[in-house]
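Colleague: I would like to go through this model feature by feature. Please give the general idea first and then the case at hand.

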Amino acid sequence: TILLLPTTLSSLLLSPTTAYDVSSLQRLCYASSLSYLPLGSIHTSPYHATSRFSPLAQVQDPLTESGATIFQDDDDTSRMIVACRGSATLSNFATNLRFKLVSAEKPFDDSGGGRGKVHGGFQEAAFGLWGCLVPELQKLQEERQEQQQQQKKLCFTGHSLGGATALLCAGHAAASGMNDVAEVVTFGGPRVGDATFARHIDETLLVGATVRHVVHDADPVLANNKVLWDTMGFESTGEEIVCDPHSPTIYRSRDEQPSSGGVAWNILDHCNYLGTFVGPRIRVV
């Protein structure tokens, strides 16, 4: 659904006939939000029924505490969603701070054009998380083989740190040949590696997948780290989609979104995407 706005602003919105399906992006945003909840609590969220995703399994790497939830797409039984959780523990926040670029390890070491470099914390977190995801995905695929059903396509999604691990786990999945990686969609996700890494992702490892990064200028994590990322040599992968934080709306470019009102400072805006709250919940005892 496109938000109804005055003509002067609604003319800047992408029409529903474009390649971007806002409702599909919002559903993945719901999945990214639900990944912050324990498996047994997902059904209590209002996003659960609206997302039309059924949780199948949830994993967490014991070393880095990076986590993910695997969902069945109720609208398309040939697709599974792997929603990687963003920062929810002290270990997760420590992962974010290990931003030094280090040599990329397999499968991100492009033998044809150099190794490339990747965020050290994200690489370790994704390596551990992928190791936890493999047995769960294998089990689910084996169940489909027993039922003589086609192997499922994978869509990776995630918010913030989860966006970084989603991109890297998608690379692991594509390199393994175990699954067909169809799509990667991140929300408020950081840049992950340098130009060589980005080229390897876009032109080789995930060349058959759609890679999209949903962003907005009110997000202080993205806005206030741009200079740092530029200085350190981090490069973007895939395609950038500019959205409204408080409504299911996307824009043609950054210039067409409403002004964020100056400096992006409110950390809660990092958790607002397409009218959805995507972030850790505070438990009330």
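**Reading the model**

Modeller: Take E65 to begin with: its relative accessible area is 24%, so it is partly exposed. Buried means under 20% relative accessible area, exposed means over 50%, and partly exposed lies in between, with a 1.4 Å probe and protein chains only. E65 is found in the loop between β1 (53-60) and β2 (67-73). E65 is not a glycine, yet it has a positive phi of about 60°.

Colleague: What kind of model is this, and how are residues numbered?

Modeller: The model is predicted: local features need pLDDT of at least 70, side-chain atom pairs count only at pLDDT 80 or more, and totals for chains, interfaces and linings use all residues. Residues are numbered from 1 along each chain as its sequence is written, and side-chain values use heavy atoms, with hydrogens and water left out.

Colleague: How many helices and strands does the chain have?

Modeller: Helices (H or I, at least four residues) and strands (E, at least two) are DSSP runs, numbered from the N terminus. The chain has eight helices and 12 strands. Of its 285 residues, 51% are buried.

Colleague: Which share of the contacts joins residues 24 or more positions apart?

Modeller: Contact means heavy atoms within 4.5 Å. Among contacts in the chain with a separation of 6 or more, 72% are between residues 24 or more positions apart.

Colleague: Which other residue has a positive phi although it is not a glycine?

Modeller: L274 does, at about 55°. L274 is found in the loop between β11 (272-273) and β12 (276-277). With a relative accessible area of 0%, L274 is buried.

Colleague: Where is there a cis peptide bond?

Modeller: The bond joins K106 and P107, with omega about 5°. P107 has its place in the loop between β4 (101-103) and β5 (117-119).

Colleague: What should helix α2 span, given its 13 residues?

Modeller: The expected span of a helix is 1.5 Å times one less than its number of residues. For helix α2 (residues 22-34) that should be 18 Å, and its end C-alpha atoms are 18 Å apart, which agrees.

Colleague: Is α2 mostly covered or mostly uncovered?

Modeller: Mostly covered, with 11 of its 13 residues buried. The buried residues of α2 include V22, L25, R27, Y30 and L34.

Colleague: How do I read the packing of α5 and α6?

Modeller: Axes are lines fitted to C-alpha atoms, for helices over the stretch in contact, and angles run from 0 to 180 degrees between N-to-C directions. The axes of helix α5 (residues 120-146) and helix α6 (residues 161-176) come within 9 Å and cross at roughly 55°. Angles under 35 degrees count as roughly parallel, over 145 as roughly antiparallel, 65 to 115 as roughly perpendicular and the rest as oblique. α5 and α6 are therefore oblique to each other.

Colleague: Is the crossing of α5 and α6 left-handed or right-handed?

Modeller: A crossing is left-handed if the near helix is turned anticlockwise from the far one by less than a right angle, and right-handed if clockwise. α5 passes α6 in a right-handed crossing.

Colleague: Which residues of α5 and α6 meet?

Modeller: From α5, the residues include F122, F127, L129, W130 and L133, and those they meet in α6 include L161, L168, C169 and H172. By class, the contact of α5 with α6 has 12 nonpolar, four polar and no charged residues. Here Ala, Val, Leu, Ile, Met, Phe, Trp, Tyr, Cys and Pro count as nonpolar, Asp, Glu, Lys and Arg as charged, and the others, Gly among them, as polar.

Colleague: At what angle do α6 and α7 pack?

Modeller: α6 and helix α7 (residues 195-205) pack at an angle of about 45°, with their axes 12 Å apart. That makes α6 oblique to α7. α6 passes α7 in a left-handed crossing. L167, L168, G171, A174 and A175 in α6 meet F197, I201 and L205 in α7. The residues of this contact divide into seven nonpolar, one polar and no charged.

Colleague: Where does G86 lie?

Modeller: G86 is in the loop between β3 (79-84) and α4 (90-97). At 0% relative accessibility, G86 counts as buried. Not counting residues up to four places away in sequence, G86 touches Y36, N92, H159, L161 and G162. G86 and Y36 are 50 residues apart along the chain, and their C-alpha atoms are separated by 7.2 Å.
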